Amino acid sequence: RPVAMQLYGADLDILKQAAQWAEQHGAAIIDINMGCPVDKVTKKNGGSKLLCDPGGAVAIAKAVVDAVRIPVTCKIRLGWDDDSIIADTLPTMLCDIGAQMITVHGRTTAMKFRPSVRLDGIAMTVEGVKKHHPDIPVIGNGDIKTPEDAAAMIAATGCDGVMVARGAMGQPWLFRDIAYHLKTGQTAPPLPRVERAQLVLDHFEHLLKYRGERIAINTIRFRTAKYSAHLQPWP
């Protein structure tokens, strides 16, 4: 704890019910996914497809805000493509109806995950939100693979913090290293190799416990490829 639960979709009633279920089962925060670019999500009008209908996105967020007592946050992208940038408009609208934090991935949906994240787009989002809601945090996301990446994003955009996603696959201790670097300006002492290996074993044991043997084995095969580069002896 605290645990946030992220929801996606476009059906108001289902999202309200899902948010209430999550609250009843211990979620401390409800996050609405308005940023996922994956086809299987956007084809159902969820994820970043909501950016194509800002009014509908706001209506969904308001329905969820009104349905629960816990904070509701929203994760967005800069827009669907370069012709439909919403980074300087929709985030403020979401805060107007009660969203308590905005996380922005610095790419459009059309960009998927490359080329590099647009720090100027994140900065635009920060500026727009802070102009009207100075106390609401804006979190930057995209291409955070090292502690230095996190510090650079904060310095360049003025965001209140960073969200780490794909960069943590294979090195879940990245959060530890970022926190240390942001606090001290120094590089964190390397996590001992035996502790890194133990994290992989713990991951597998949790998969077995919560997902079952078949999914656990298939998942750890994929994850091991990510872990491998970070399990080698330090130079």
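The legends below describe close-up views of a predicted model. Local features require pLDDT of at least 70 and side-chain atom pairs count only at pLDDT 80 or more, while totals for chains, interfaces and linings use all residues. Residues are numbered from 1 along each chain as its sequence is written, and side-chain values use heavy atoms, with hydrogens and water left out.

View A. Helices (H or I, at least four residues) and strands (E, at least two) are DSSP runs numbered from the N terminus. The 13 residues of α1 should span 18 Å at 1.5 Å a residue, and the end C-alpha atoms of α1 are 18 Å apart, in agreement. The expected span is 1.5 Å times one less than the number of residues in the helix. Leu15, Ala19, Ala22 and Glu23 are the buried residues of α1. They sit on the same side of α1, because they cover an arc of only 100° around the axis; the arc is that of the directions from the helix axis to the C-beta atoms. Buried means under 20% relative accessible area, exposed over 50%, and partly exposed in between (1.4 Å probe, protein chains only). The cover over the buried residues of α1 includes β1 (4-7), β2 and α3. Ile14, Gln17 and Gln24 are exposed residues on the face turned away from the buried side of α1.

**View B. The two ends of α1.** At the start of the helix, a side-chain oxygen of Asp11 comes to within 3.0 Å of the backbone nitrogen of Asp13. After α1 comes Gly26, with a positive phi near 105°.

**View C. Salt bridge between Arg69 and Glu23.** A salt bridge is a side-chain nitrogen of Lys or Arg within 4 Å of a carboxyl oxygen of Asp or Glu; by this rule the count is six. In this one, the N to O distance between the side chains of Arg69 and Glu23 is 3.9 Å. Arg69 belongs to the loop between α3 (54-67) and β3 (72-77) and Glu23 to helix α1 (residues 12-24), so the pair ties together parts that are 46 residues apart in sequence. Arg69 is exposed, at 75% relative accessible area, whereas Glu23 is buried, at 15%.

**View D. Salt bridge between Asp82 and Arg118.** The side chains of Asp82 and Arg118 pair at 2.8 Å, N to O. Asp82 is in the loop between β3 and α4 (90-96) and Arg118 in the loop between β4 (102-105) and α5 (119-132), so the pair joins parts 36 residues apart in sequence. Arg118 is partly exposed, with 28% relative accessibility.

**View E. Salt bridge between Asp160 and Lys130.** The N to O distance between these side chains is 2.8 Å. Asp160, in the loop between α6 (147-157) and β6 (161-163), and Lys130, in helix α5, link distant parts of the chain, 30 residues apart. Both ends are partly exposed: Asp160 has 44% relative accessibility and Lys130 has 22%.

**View F. Surroundings of Thr103.** Thr103 is part of strand β4 and is buried, with 1% relative accessibility. Apart from neighbours within four places in sequence, Thr103 contacts Cys74, Lys75, Ile76, Ile139, Asn141 and Met163. Contact means heavy atoms within 4.5 Å.

**View G. Surroundings of Pro37.** Pro37 is in the loop between β2 (29-34) and α2 (39-42) and is buried, at 4% relative accessibility. With neighbours within four places in sequence set aside, Pro37 is in contact with Thr42, Ser48, Arg77, Thr109, Lys112 and Phe113. A distance of 23 Å separates the C-alpha atoms of Pro37 and Ala63, which are 26 residues apart along the chain.

Note on methods
A polar contact is a pair of N or O atoms within 3.5 Å; within protein, one must be able to donate a hydrogen and the other to accept it, and residues adjacent in sequence count only if both atoms are side-chain atoms.
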